Amino acid sequence: MNIGSKLIGALCVIAAGMCWGATGTTQALAPKEATSLSIGAARLVFSGALFLAIMMIKTKNKILRGEWNRKGILIAAAGLAGYQLFFFSAVKLTGVAVGTMVTVGCSPAIAGFVGSIAFGERLSIRWYIATALAVTGCAMIVAGGKNAVTFSPLGVILAAASGFSYAMVGVGLRYVKRDAVETAAMMNALSGLMLLPVLLMGDTGWIATAHGSLCVFVLAVVSTIIPYGLFSTGLKYIELGVGYTLSLSEPLMAWFLSVTLLGEHLSLIGTIGVGILFCGLIFLAARK
């Protein structure tokens with residue numbers, strides 16, 4: 001695969017991470033009566049339905065025809081649904097800092113390991129260095145935030161499970177050989193169907209408000225449909241481990257939005273962490 005294709009793949013994944021970075025800020029601006037689980041479930045249910053409808057119109061129902069790698073699409077959809085449930089539950093038990101750090105720290109390493117075993121992808125020394133820099137930067141960003149660090153053994157286990165589930169999204173996508181955007185649409189639709197019972201069991205009244213519907217729209221389109229389309233496209237051109245390390249552009253965007261929209265500020269440690277994370281991403285993306 002030529003250098004140009006790898007660059008396109010890297011830029012797609014970085015852009016996807018930046019879109020995902022809007023998730024936390026959007027949740028912070030959601031109605032007070034919206035719970036974390038209901039927000040996560042609503043995000044996938046509505047994004048899945050909208051994404052699939054768009055692709056059905058665009059492809060004239062072609063997306064529902066032809067061969068699908070059932071194993072791949074089910075692994076990806078289950079991974080996406082599991083990530084939502086495990087992550088929000090982990091954050092509730094052990095706090096945003098620990099929950100986010102364990103999830104972010106686990107996923108690139110798991111994706112790199114599974115990619116090397118399942119797909120024979122060889123990881124370079126550059127990947128190990130860049131991943132170490134990126135995870136260190138994430139840890140410093142979390143440590144530099146205002147939220148107090150709490151610890152719960154069960155919460156940490158759930159956070160590790162969310163990191164594993166997130167890695168499985170990429171693994172499943174690798175098995176599916178169809179168009180990347182069609183694959184992302186089908187994955188979101190199936191994961192939304194899996195989480196529909198979770199949404200219906202909770203309080204959904206907040207979604208009908210103007211504030212709530214705007215929140216769901218931003219989560220569905222900006223932080224789900226667009227980034228997963230980009231992420232699926234990017235993984236066609238770069239290794240699984242590289243993709244997950246580059247997707248750590250997410251906390252960079254989350255930091256930027258929290259400062260500009262929520263008025264939050266990092267300490268000196270957190271600010272240095274932003275720089276280290278950025279250096280890790282550039283170091284990996286700027287391969288020969």
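Where is the place of Gly-229? Gly-229 sits in helix 8, and I will come back to that helix several times.

First, the ground rules. This is a predicted model, in which local features need pLDDT of at least 70 and side-chain atom pairs count only at pLDDT 80 or more, while totals for chains, interfaces and linings use all residues. Residues are numbered from 1 along each chain as its sequence is written, and side-chain values use heavy atoms, with hydrogens and water left out.

Now the overall picture. The protein has eleven helices and zero strands. Helices here are DSSP runs of H or I with at least four residues, strands are runs of E with at least two, and both are numbered from the N terminus. Buried residues make up 51% of the 288 residues. Buried means under 20% relative accessible area, exposed means over 50%, and partly exposed is in between, using a 1.4 Å probe and protein chains only. A contact means heavy atoms within 4.5 Å. Of the contacts with a separation of 6 or more, 90% are between residues 24 or more positions apart.

Back to Gly-229. At 9% relative accessibility, Gly-229 counts as buried.

Next, the core. A nonpolar core is a set of buried Ala, Val, Leu, Ile, Met, Phe, Trp, Tyr and Cys residues joined through side-chain atoms within 4.5 Å. The largest one has 61 residues, and Met-187, Tyr-228, Phe-231 and Leu-246 touch the most other members. Among the elements that give two or more residues to this core are helix 1 (3–20), helix 3 (36–59), helix 7 (180–201) and helix 8 (210–234). Helix 4 supplies the largest share, twelve residues. What is Tyr-228 in contact with, leaving aside its neighbours within four places in sequence? The list is Trp-20, Leu-80, Val-169, Ala-184, Met-187 and Asn-188. There is also a second, separate core of eight residues, which includes Val-104, Leu-252, Leu-277 and Leu-281.

Ser-191 is found in helix 7. At 0% relative accessibility, Ser-191 counts as buried. Leaving aside neighbours within four places in sequence, Ser-191 is in contact with Leu-44, Ala-77, Leu-80 and Ala-81.

Now for helix packing. Two packed helices are described by the angle between their axes and the distance between the axes. Axes are lines fitted to C-alpha atoms, for helices over the stretch in contact, and angles run from 0 to 180 degrees between N-to-C directions. Angles under 35 degrees count as roughly parallel, over 145 as roughly antiparallel, 65 to 115 as roughly perpendicular, and the rest as oblique.

Helix 1 and helix 8 pack at an angle of about 160°, with their axes 8 Å apart. They are therefore roughly antiparallel to each other. The crossing of helix 1 with helix 8 is left-handed, a label used if the near helix is turned anticlockwise from the far one by less than a right angle, with right-handed used if clockwise. On the helix 1 side the contact includes Gly-9, Cys-12 and Trp-20, and on the helix 8 side it includes Pro-227, Tyr-228 and Phe-231. By class, this contact of helix 1 with helix 8 has twelve nonpolar, four polar and no charged residues. Ala, Val, Leu, Ile, Met, Phe, Trp, Tyr, Cys and Pro count as nonpolar, Asp, Glu, Lys and Arg as charged, and the others, Gly among them, as polar.

Helix 3 also packs on helix 8, at an angle of about 70°, with the axes 8 Å apart. That makes helix 3 roughly perpendicular to helix 8. Helix 3 passes helix 8 in a right-handed crossing. Among the residues making the contact are Ile-39, Arg-43 and Phe-51 of helix 3, and Val-216, Leu-219 and Thr-224 of helix 8. The residues of the contact of helix 3 with helix 8 divide into eleven nonpolar, three polar and one charged.

Last, two loop residues. Most residues other than glycine have a negative phi. Lys-60, in the loop between helix 3 and helix 4, has a positive phi near 55°. At 69% relative accessibility, Lys-60 counts as exposed. Asn-61 lies in the loop between helix 3 and helix 4 as well, with a positive phi of about 70°. At 36% relative accessibility, Asn-61 counts as partly exposed.
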